[in-house]
Amino acid sequence: MTIPGIISDSNEGGDGDSDSMSSICRERKIVVANMLPLHAQRDGETAKWCFSLDEDSLLLQLTDGFPPETEVIYVGSLKVEIEASEQEEISQKLLDDFKCVPTFLPHDIQKYFYHGFCKQQLWPLFHYMLPVCRDHGDRFDRQLWLAYVHANKIFSDKVMEIVNPEYDFIWIHDYHLMVLPTFLRKSYNRVKLGFFLHSPFPSSEIYRTLPVRDEILKGLLNCDLIGFHTFDYARHFLSCCSRMLGLDYESKRGHIGLDYYGRRVYIKILPVGIHMGRLESVLNLPSTCNRVKEIREQFKDKKLILGIDDMDIFKGISLKLLAFEQLLQQHQELLGKLVLVQIVNPARSIGKDVQEAKKETYSTAKRINEVFGCPDYEPVILIDRPVPRYEKTAYYAMAECCIVNAVRDGMNLVPYKYIVCRQGSSLMDETIGVRMDFPRTSMLVVSEFIGCSPSLSGAIRVNPWDIDAVAEAIFLAITIPDTEKQLRHEKHYRYVISHDVAYWARSFMQDLERACKDHYDKRCCGIGLGLGFRVLSLSPSFRKLRIDHIVSAYAKTNRRAIFLDYDGTIVSHSSIVKSPSPEVVTALNTLCNDPKNTVFIVSGRRRRTLSDWLEPCERLGLAAEHGYFIRWNRSSDWALLAADLEWKEIVEPIMKVYTEATDGSYMEIKDSALVWYHQDADPDFGSCQAKELVVHLENVLANEPAVVWRGQHIVEVKPQ
């Protein structure tokens, strides 16, 4: 935009022809994530790598939401390290056999990117853990941040090798790749980009502590659609955009959107679902049915409570055990009749905090079993080993109640899987001797801090930190009448089967297509350096004034009218000193002294203010208060429009009330108008007060010749 001339009609920013563009204009979906949906294993005899699809991967399952003819290409890293000499051959093999494009991050980059910045800094912060001291997390390390950016750039290069930007849709997944959109948008201004965050997004008070907060926000805003599991996560993101970047959002026809330099960035709120077919197929496995028989026999005459969690500090396993201990203390009649089976999945990260969580879990379980157990009864069974899917499914099917007690979690699909498994299958019904029409029941105790909680309205929601309340919730879950258990189960099951992973993927992609439909209706221009890059989107009729054209026209004409705004033109918006500089005064006088020129300052400011500031400009015309007062030069009198201003007596006391009630706000009394400013108030509270003030004033001025107008951080009342 700094280059003189009209923006060209051609596509800018790499949107033109390139070698990467295919002559075939078939629409494709490019799914980008940290890890590819593949298993990798080296053959013991041939020493060659063997690959297979990971059927449990969400990335693979989401394709059920696309039309059958859709071509899906995956970009991501492998879970194993490949020697440089093998990479080219394996890349071709993976593309041919699995439509996968591996990124092959260098070892050090992978270490600092994933185990460093992602797991030690982003992941704890997004789960509300601040490194207030060295024993509670790692402080920000710029070297890790640079590795994160470097890794995102490598991902970008791989995507750009295969993308056809005019036709392909790119769907980026999770917090590992939050600056990737900036690199892609910089290469192709009109690229079709969607992003889904699978973790929580913290409140602005937590997020603002991140030193690279702006870079990450701007990275996400380079997408067309940003998805979150819950409204809370989306609300936190929008609040961060408002407080840190000054962006406001609004909802139009059910869709939330932000205006970002002329582009409309949409927000999608939809929790992910499970793959019904995959889970039902495991339910019908003979191994699952055999394990169900064994579990049924093992826990005969006992009620089984189930927990399945990763071993980390946010899953609340120790809090769950403490609540179970409290339950046994308060209801000793349950001794010998109630068992908690806690399956612990392997930890996804390494560190002292994980070891501490594991140690506390084991010590608590041991204490409970020593106090309340006996030779033939163990109240807590801790399963800390890789548990095959069929065995987890069997435990789901036999559990009277499932408890998910995480103190913070992005989504957590354990409750959904439990509900489907409790519904059973024909083979399982036959195995355990249950009729097909036998009423199904399930009970859920879920933390209110996990993403699936809002969608499970029949679950017992708990605050995991409140041990007493969790204990009471477990007792309620196992003692509630079967008829109510059945009603809760039916309600949940209907939701889970109608909101599966295919529904989630289909809905997200439909919204992404809608968000991108006007890409070619506007002119695009890239501005900004590095991670501050963004695209300025302008209407097709926009023309930038060419300096050479203006100079030429100026020289040829004998009568010229020059109209200048004051704030933002004569003086910068950010300037504390609002009077014009000597250089500006000189320039204005030079223009005014030419008899061919008529020069006016047109401003909303008061006439006395403009008169004082521009007193050195003798021949300068002033239009104060948006033209309510006009003066042709310093020696002429002010002319004013005729207007009824009695309504000011009504407005002034109302604005004073809102000024007193809103810290940081102030009002300005003009001759023709009254203005309430809230740019220095809290963004959310100021905006809320401004909306209320507009409604209030419109009501009291319904029969008055005045107009209430809301602008950027202002509410103004002026004559009709």
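Contact here means heavy atoms within 4.5 Å. With that in hand, welcome to a short tour of this predicted model.

**Helices 13 and 14**

In helix 13, Thr393, Tyr396, Ala397 and Met398 meet Val414, Lys417, Tyr418, Cys421 and Arg422 of helix 14. By class, this contact has six nonpolar, one polar and two charged residues. Helix 13 spans residues 389–398, and its axis lies 8 Å from that of helix 14, at an angle of about 70°.

**Helix 17**

Helix 14 turns up again around helix 17, where it is among the elements that cover the buried residues. Helix 17 runs over residues 482–498, and its 17 residues reach 24 Å from first C-alpha to last, close to the 24 Å expected at 1.5 Å a residue. Its buried residues are Lys485, Arg488, His489, His492, Tyr493 and Val496. Seen down the axis of helix 17, these fall within an arc of 135°, so they line one face of the helix. The face turned away from that buried side carries the exposed residues Thr483, Leu487 and Arg494.

Here are the elements included in the cover over the buried residues of helix 17:

| Element | Residues |
|---|---|
| Helix 9 | 276–283 |
| Helix 14 | 414–423 |
| Strand 16 | 444–447 |
| Strand 17 | 460–462 |
| Helix 16 | 467–479 |

**Glu356**

One last stop is Glu356, in helix 12 (residues 352–372). Glu356 is partly exposed, with a relative accessible area of 47%. Glu356 and Ile313 are 43 residues apart in sequence, and their C-alpha atoms are 8.3 Å apart in space.

Technical notes: Residues are numbered from 1 along each chain as its sequence is written. This is a predicted model: local features need pLDDT of at least 70, side-chain atom pairs count only at pLDDT 80 or more; totals for chains, interfaces and linings use all residues. Side-chain values use heavy atoms; hydrogens and water are left out. Helices (H or I, at least four residues) and strands (E, at least two) are DSSP runs, numbered from the N terminus. The expected span of a helix is 1.5 Å times one less than its number of residues. Buried means under 20% relative accessible area, exposed over 50%, partly exposed in between (1.4 Å probe, protein chains only). The arc is that of the directions from the helix axis to the C-beta atoms. Axes are lines fitted to C-alpha atoms, for helices over the stretch in contact, and angles run from 0 to 180 degrees between N-to-C directions. Ala, Val, Leu, Ile, Met, Phe, Trp, Tyr, Cys and Pro count as nonpolar, Asp, Glu, Lys and Arg as charged, and the others, Gly among them, as polar.
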